[in-house]
Amino acid sequence: LHKTVYVLFLLFQILGAVILGFGIWILADKTSFIAVLQTSSSSLKTGAYILIGVGALTMLMGFVGCVGAVNEIRCLLGLYFTCLMIILLAQVAAALFIYFQKETLKDELSNVVEDLIKSYDPLNEDKRRNLQDAWDYVQTQIACCGWTGAEDWENNEILKNKSNVEYPCSCSNRSKDLVEGRGFCSLDDPVNGTATYTDWPVHEQGCMDGVEQWLKDNLGVILGVCTGVAVIELLGMILSISLCKNIHSEDYTKVPKS
């Protein structure tokens, strides 16, 4: 029994560390799609802090459950069970919230990205520079351009003033442009009059489709991880209840018969 307790304790330490690390990564990451997501809704930062709290609590509860099981302390086992149940219910509630609010979150993100593209300036050195770099990273990694498509970049103030004879380097489908990875590149062939996005050597796919495709491709992994976490928590709850009942039964057997 003690070996089982120690294994579950180890699993909870790993699980808590992963959740804690994921929350910290969301707050610290400045070079990927997460950085863009952070500005789309304050709920992401709130969610990151919740993940940090849940991760720390999970690690603490693993320790409490181990101490309670080894020393047969019912109140610690009861606390362990209660906290696990709260964590599991909170995870279910968060999943339901994301599922039912996904369209709202998608609209918020669309507005943020469209505003970012419109005001994008390679010479910008203020706090938006990190956000711009993050978006360049997204376009390069996903091989996409704009949110719905390359035409979104025609709304950029700088490109409009230059008659669209330049285009975002991170959108380019040419390797020589990706060496720069940010800012604007110039068309090789001069265009008489005003150019359009159809004249740019860029990817046709918008990043919205790319992100949705990435989620579909990795949906099995995401669901598998979530299911694994839930199973570990349920095992911990079942084990704590079983130990509580055993301790209760042992207490009665120790009562002297009259």
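Helices α5 (residues 102-119) and α6 (residues 128-142) have axes that come within 11 Å and cross at roughly 105 degrees. Here an axis is a line fitted to C-alpha atoms, for helices over the stretch in contact, and angles run from 0 to 180 degrees between N-to-C directions. Helices (H or I, at least four residues) and strands (E, at least two) are DSSP runs, numbered from the N terminus. The two helices are therefore roughly perpendicular to each other. Angles of 65 to 115 degrees carry that label; those under 35 count as roughly parallel, those over 145 as roughly antiparallel, and the rest as oblique.

This is a predicted model, in which local features need pLDDT of at least 70 and side-chain atom pairs count only at pLDDT 80 or more, while totals for chains, interfaces and linings use all residues. Residues are numbered from 1 along each chain as its sequence is written, and side-chain values use heavy atoms, with hydrogens and water left out.

Now the residues at the crossing. From α5 come Val113, Asp115, Leu116, Ile117 and Ser119; they meet Arg128, Leu131, Gln132 and Trp135 of α6. Contact means heavy atoms within 4.5 Å. The residues of this contact divide into 5 nonpolar, 2 polar and 2 charged.

Buried means under 20% relative accessible area, exposed over 50%, and partly exposed in between (1.4 Å probe, protein chains only). An α-helix has 3.6 residues a turn, so residues three or four places apart point the same way.

The expected span is 1.5 Å times one less than the number of residues.

Lys106 also lies in α5. It is partly exposed, with a relative accessible area of 29%. Which residues does Lys106 touch, not counting those up to four places away in sequence? They are Met208 and Glu212. Met208 is 102 residues away from Lys106 along the chain, yet their C-alpha atoms are separated by 9.2 Å.

Helix α4 (residues 74-100) has 27 residues, which should span 39 Å; the end C-alpha atoms are 39 Å apart, in agreement. Buried in α4 are Leu77, Tyr80, Cys83, Leu84, Ile87 and Leu88.

Step back to helix α3 (residues 42-70), where Leu51 is placed. At 25% relative accessibility, Leu51 counts as partly exposed. Beyond its neighbours within four places in sequence, Leu51 is in contact with Ile19, Leu20, Phe22, Gly23 and Ile26. Gly16 lies 35 residues from Leu51 in sequence and 9.3 Å from it in space, C-alpha to C-alpha.

Next comes strand β1, which holds Pro168. This proline is buried, with a relative accessible area of 1%. Leaving aside neighbours within four places in sequence, the contacts of Pro168 are Cys145, Trp153, Leu159, Gly183, Phe184 and Trp200. Of these, Gly183 is 15 residues from Pro168 in sequence, with 5.9 Å between the C-alpha atoms.

Two loop residues call for a look at the backbone. Most residues other than glycine have a negative phi. Ala143 has a positive phi, near 60 degrees. Its loop runs between α6 and α7 (157-161), and at 30% relative accessibility Ala143 counts as partly exposed. Ser163 likewise has a positive phi near 60 degrees. Ser163 sits in the loop between α7 and β1 (166-168). Its relative accessibility is 29%, so Ser163 counts as partly exposed.

Finally, the whole chain. It has 10 helices and 2 strands. From the N terminus on, the order is α-α-α-α-α-α-α-β-α-β-α-α. Buried residues make up 37% of the 258 residues. Among contacts between residues at least 6 apart in sequence, 69% join residues at least 24 apart. The chain exposes about 14800 Å², and carbon and sulfur atoms supply 63% of that area. Accessible areas come from the Shrake-Rupley method with a 1.4 Å probe; for residues, only the protein chains shown count as cover.

Technical notes: Ala, Val, Leu, Ile, Met, Phe, Trp, Tyr, Cys and Pro count as nonpolar, Asp, Glu, Lys and Arg as charged, and the others, Gly among them, as polar.
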